[in-house]
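Welcome to a short tour. Open your viewer, load the model, and follow the stops below in order.

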Amino acid sequence: MVVLTYSYLSSQVEGDPKEIKTIKLSGRDIDSIDDLSSCQALVRLDLSGNRISLLDGLGECTGVTWLNLSDNQIASLDKISPLKSLVVLNAAKNELSEYHPGSRTLKTLILNQNRLQEIPSLKLSPEIKTLVLSSNRIRAINPVRLRGAALHLQKLSLSNNQIRVIPDLSFLSELRELRLNSNSIIEIPQSLAFNRQLRILDLGKNRIRKVRSLQPLKTLEYLKKLNVRGNPLETEPGYPLEARKLLPSIHFPEAPIVKDGGKNAFSDEAANSDAKNLVAKDNGERVDSEKKANKLKEKKKKIKKKKESKSKDNETVSKKMNDEEQKLAKRKKKKMKRKRKEESVKEEEGTVARTKSKKSKKAEKPKKHPVEQEEGKEKKDEIGPSKTTKKRKTKKQKKKARAIDEASNAEKQEDDGDAIDFDAFGAQAREKANDLMGTNSNRSGVLSAKFFKKKKTSKKLEKTTQPGDLTSLLKASDKLGLGGVSAW
């Protein structure tokens, strides 16, 4: 009895098992798995061709993405449900009666040659592209269990089962390969015409009787391979000419495909081999992707180094440029200072020269003889006074004339005062005058009487006079022709 333990691994594998990513232990007569929790770097594990019945030690290898458990004695896959990173799972040739996929990243599921009676539900694995369920005990295709992967399922193999009817699979919009070889199918449904991406259709070894049943396949423009060998329609008269008329792009051979015990191109073994090839392709693509990723990392590192070196060179160049620019700026400043000094010196010299020239011109002018000066005065007297002096004289004369007119007006007004009864009206006039000019006023009654006569009918006087303001009163009396300032 061989148990897969850490010590057994270290003896079978080169290097440290903790750092190994790929382990191949196929055909080693391993009966059970003890513990592989220390293999945290493990990605690919191949345990095919052994006698394993229990998977207790695989639940802790959460980093595994590729797992091959084919050709063992496994009855349940519940122990690997913690493997949430699985992408490819091959559990063909075991004793499985049911399986519930639990990895949402699962893309390829191979469960042929088991004891399954129903299609596994794909609700928890919507990314599945390839599903191989051939050589089981499935009696019907349940579309509900396939709807979980409706957007991604491309290859479906259900050959060598007990299926009688093809249900409506039009919801599988990406279905490209459908294998239903070795079943009990009687007719091809019209709904199959809506699977427009179909390229390979295997309906060999079924119970299809008439060539007319191939009519739903007319609209499948991408269909390139069709197998109807082993059906009763081959015995119908006119076959394969009528089939070629219906589907001119398909080759219908007259001779049987199987020769000398060779493999049929659409047999179950071919389907299994295709599934294995798909797994191998996926593995190769992953290896290539890893290599490409490593190359990209190296390129990025080189690019970073080049950028760093360029940045350093640019920094040194920029420093040199800055130093040179600073030097040039300093030189320009010095030149500007020198120019300013030279200009200031030139300006000072120019001012000195100007002052000297002015002094020299004054010194060059000859002074007049005193006899010539007297002659000039005499000429001025002969010519007479200037215009400015004449204007001044006229202004003075006008002022004198105004003063004489005012004095004459005042005399006339005093002569007109005989019409007023001073004894009867004097006291009343003084009181009113005192009210306007103040109590300490000593003005004559003649002026106050005349003033109050005019004040009753004059509105201009009310605006110009104020009580106690002697000057304003006299000016107002002038305006009214009462003598005013001249009379005073």
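Over the ring of which residue does the charged end of Arg44 sit? Select Arg44 and Trp66: the charged end of Arg44 is over the ring of Trp66, 4.3 Å from its centre. A charge counts as sitting over a ring if NZ of Lys or CZ of Arg is within 6 Å of the ring centre and within 35 degrees of the ring normal.

Before moving on, a word about what is on screen. This is a predicted model, in which local features need pLDDT of at least 70 and side-chain atom pairs count only at pLDDT 80 or more, while totals for chains, interfaces and linings use all residues. Residues are numbered from 1 along each chain as its sequence is written, and side-chain values use heavy atoms, with hydrogens and water left out.

**The sheet**

Now show strand E5 (residues 66-68) and strand E6 (residues 88-90): they run parallel and are joined by 3 bridges. Two strands pair if DSSP finds at least two bridges between them.

Next, colour the whole sheet. Its 10 strands follow the order E2-E4-E5-E6-E7-E8-E9-E10-E11-E12, in an open sheet with parallel pairing. At the edges you will find strand E2 (22-24) and strand E12 (225-227), each pairing on one side only. From one strand to the next the twist averages 5°, taken between axes that are lines fitted to C-alpha atoms, with angles from 0 to 180 degrees between N-to-C directions.

Zoom out for the totals: the protein has 11 helices and 12 strands. Helices (H or I, at least four residues) and strands (E, at least two) are DSSP runs, numbered from the N terminus.

**Two loop residues**

Select Asp71, in the loop between E5 and E6. Asp71 has a positive phi of about 60° although it is not a glycine. Is Asp71 buried, partly exposed or exposed? Asp71 counts as partly exposed because its relative accessibility is 42%; buried means under 20% relative accessible area, exposed over 50%, and partly exposed in between (1.4 Å probe, protein chains only).

Then go to Lys205, in the loop between strand E11 (200-202) and E12. Its phi is also positive, near 60°. Lys205 counts as exposed, because its relative accessibility is 51%.

Select Arg199 and Tyr222: Arg199 lies over the face of Tyr222, at 5.0 Å from the ring centre.

How many aromatic pairs does a search of the whole structure find? The search finds 1. Select Tyr239 and Phe252, an edge-to-face pair with 6.3 Å centre to centre and 75° between the planes. Rings of Phe, Tyr and Trp (its six-membered ring) pair if their centres lie within 6.5 Å; planes under 30 degrees apart count as stacked, over 60 as edge-to-face and the rest as tilted. Both Tyr239 and Phe252 are buried.

Pro240 is in the loop between E12 and H3.

**Into the core**

Finally, select Leu77, Leu131, Leu146, Leu214 and Leu217, which have the most contacts inside the largest nonpolar core, a group of 76 residues. Such a core is a set of buried Ala, Val, Leu, Ile, Met, Phe, Trp, Tyr and Cys residues joined through side-chain atoms within 4.5 Å.

End on Leu131. Leaving aside neighbours within four places in sequence, its contacts include Leu109, Ile119, Leu146 and Lys155, where contact means heavy atoms within 4.5 Å.
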